[in-house]
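Here are my notes on the model you sent over.

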Amino acid sequence: MTSSTDVSAVPADEPLDQAQITREIEEIAATARPGEAQPLLDYPPYRSSLLRHPTKALCPADPEAAELVAPVFGHSDVAPVEADLTIQGTGDPIGERMVVTGQVLDGEGRPVRGQLVEIWQANAAGRYMHKRDQHPAPLDPHFAGTGRCLTDDEGRYRFVTVKPGPYPWRNHHNAWRPAHIHFSLFGTDFTERLVTQMYFPGDPLFPLDPIYQSITDPRARDRLLATYDHGLSEHEWQLGYRWDIVLTGNTSTPMERADA
Amino acid sequence: MPDLEPTPGQTVGPFFGFALPYPGDSRLVPPGSAGAIRLHGTVYDGAGGPIPDALVEIRQADASGVVPRVEGSIARDGVFTGWGRAATDPGGRYVFTTIEPGPERDGEAAFFAVTVFARGLLDRLSTRAYLPSPALDADPFLAGLPEDRRATLVAVRDDGGLRFDIHLQGDEETVFLSYPPRS
Ligand SMILES: [Fe+3]
C-alpha cells in the first residue's frame, strides 16, 4: 500500500514507528475477547481502518432470498490455464515455484464444489503488477500475479505460482507486510462470501503486522497459515503448500473491542 | 461432522484492482435492454469522504423473484445470473446495470443482497438494498430495526435507476448484517 494510505487519519504529533504500532497491537491483544474468530474491524494499529469500520453492532438477520443462493460459476467462466500463474507471460517468472492447494469446506465439513476461487499476489520481489504499487522493487514481465480456478468435486482448489515476497507499505515508518496471497472465495450460500489472505509459516513479520494481528485469537490467526507439505513438492520442479479453508459466513455480532 | 472453525477474513487491501474487476463485471444485463436500470451509489467513510478503493458485490432475484442458479457471471454472454461486482471509481462511486428484483412472494419486500469490501476494512460487510415500496412497512426485519436507521437500507429512486449510498461509519452509518450459523 504505497501511495494510498490515509495519512490524514493519523494525528500529526503521533510517532509512527513500529514500536508504537507494536505497543498498540499488544495492548489490544491483552484485552481482546478469547476465541474471537474474525478480525476486529475497529483496529487502530491499522491506520486505514480508523474511518472505515462500522461503530454500531451488526444487526442479526435471517438470510432470505438472494442471500441463500451463492452465485454459480462454471467452465464457461474460468479456463483451466488460469490456475497456473507461471505460464501467463512469454517466459518463466523469477522466484520460488510453488503449488498451493487445499479444500474449501463449509462449517459442517462438506466440500464446497464447483465454486470460484480467485487469487492475487505480489511477485517474488514483493511488487504488485498494479499502477498504485510504486515501491522500488522490480516488476517481473513474466508474472502478473492473478489466478482463478473452480473447486472440484471434493472442494479442492489448486494453483501453481511463485512465492510472493514481503513488501513495504505506509501504515507507519518501516512497515512491512508478511508475504501473503490474497484469496477470494464463495461458499454454498451468498452469506459465506470470504476475502482473506494466506500466509506462510514462520514469517518473522507476523508480530509486527497490524492486518494479521487484527485477528486477536492466536488459534484463529493460525488458520491463515499454509502448511509446507513435502508430499506436494515435486522433484527438481516446485515446493508444495497446503491450505484448507472453512466458510461459515459471518455469524458473530460483537464488533467493538472491550475498551472501545 | 463436527463444526469446523471458520477461516478468518482479511482486508481486500489496496491492490485488488488488477485482479478482481473484469470486463462486464457490473453489467448483469446489457445497458439499454428491456427493464435495465442503474443501481448506483457512493461508498463513504466516517468523515464523509468517498472511498475510491472499495468493491461492491450484489446478488439478486430476477423480476419474478427467482434467484438464478446459472453460470456465466464472468463470461457475461447474455445470461442473467443475478450476481455482479463493481469497483468504486476515484469519486467512490459504483454503478451496476441490472434489473429490479421481484419479491419471492407477492407483497413481500424485495432487495439486493450487498457485500462491501475496501482497503482499510478488515473484513467484508453484508447489507441489503431494498427497493422502495409500500411492502417495506410490513417487513418484519425492517420493523425490528431502530426507526432512524431503517432508511439506510432503502434505495432511492432517481432518474433511470436506484441510488444506494453506503456509509461505513458516521451519523448515516449503513445497517450491516450478521447471519446465524447455517444449519
Ligand atoms: Fe497484499
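1. A salt bridge here is a side-chain nitrogen of Lys or Arg within 4 Å of a carboxyl oxygen of Asp or Glu. Going by that, the structure holds 21 salt bridges over all chains. Before you read on: this is a predicted model, where local features need pLDDT of at least 70 and side-chain atom pairs count only at pLDDT 80 or more, while totals for chains, interfaces and linings use all residues. Residues are numbered from 1 along each chain as its sequence is written, chains are lettered from A and ligands numbered from 1 in the order in which they are written, and side-chain values use heavy atoms, with hydrogens and water left out.

2. Have a look at the iron ion. Which residues hold it? The protein donors are A:Tyr128 (OH), A:Tyr167 (OH), A:His180 (NE2) and A:His182 (NE2), at 2.0 to 2.2 Å from the iron ion. A donor is an N, O or S atom within 2.8 Å of the metal (3.2 Å for Na, K and Ca), and water is not among the atoms, so sites may look incomplete. Along the sequence the donor residues are spaced Y-x38-Y-x12-H-x1-H. Two of them link distant parts of the chain: A:Tyr167 sits in strand S6 of chain A and A:His180 in strand S8 (residues 180–185), 13 residues apart. Strands (E, at least two residues) and helices (H or I, at least four) are DSSP runs, numbered from the N terminus.

3. The geometry at the iron ion comes out as irregular, because the 4 donor atoms subtend angles of 88 to 158 degrees. For four donors, tetrahedral would need all angles between 85 and 135 degrees; four count as square planar, and six as octahedral, if opposite donors are over 155 degrees apart and all others between 65 and 115, and anything else is irregular. A:Tyr167 and A:His180 are both buried. Buried means under 20% relative accessible area, exposed over 50%, and partly exposed in between (1.4 Å probe, protein chains only).

4. Now the interface. In chain A, 93 residues are in contact (heavy atoms within 4.5 Å) with 70 residues of chain B. The two chains bury about 7,200 Å² between them, 57% of it on carbon and sulfur atoms. That buried area is the accessible area (1.4 Å probe) that two parts lose on being put together, summed over both. On the chain A side, A:Leu51, A:Arg52 and A:Cys59 lose the most area to chain B, together 11% of what that side buries.

5. Between chain A and chain B there are 6 salt bridges. There are also 38 residue pairs in polar contact, both residues at pLDDT 80 or more. A polar contact is a pair of N or O atoms within 3.5 Å; within protein, one must be able to donate a hydrogen and the other to accept it, and residues adjacent in sequence count only if both atoms are side-chain atoms.

6. B:Arg85 is worth a click. This residue pairs with A:Glu118 in a salt bridge, closest N and O atoms 2.8 Å apart, and with B:Glu57 in a salt bridge at 2.9 Å. The second pair joins strand S3 (residues 83–87) to strand S2 of chain B, 28 residues apart. B:Arg85 counts as buried at 0% relative accessibility, and B:Glu57 is buried at 0% too.

7. Another cross-chain salt bridge joins A:Arg132 and B:Asp53 (3.3 Å, N to O). A:Arg132 is partly exposed at 24%, whereas B:Asp53 is buried at 4%. Both belong to a network of salt bridges that includes A:Arg52 and B:Arg119.

8. Finally, two backbone spots to check. Most residues other than glycine have a negative phi. A:Ala65 has a positive phi near 45 degrees and is buried at 16% relative accessibility. A:Asn174 has a positive phi of about 60 degrees, but A:Asn174 is exposed at 54%. A:Asn174 lies in the loop between strand S6 (167–169) and strand S7 (175–177) of chain A.
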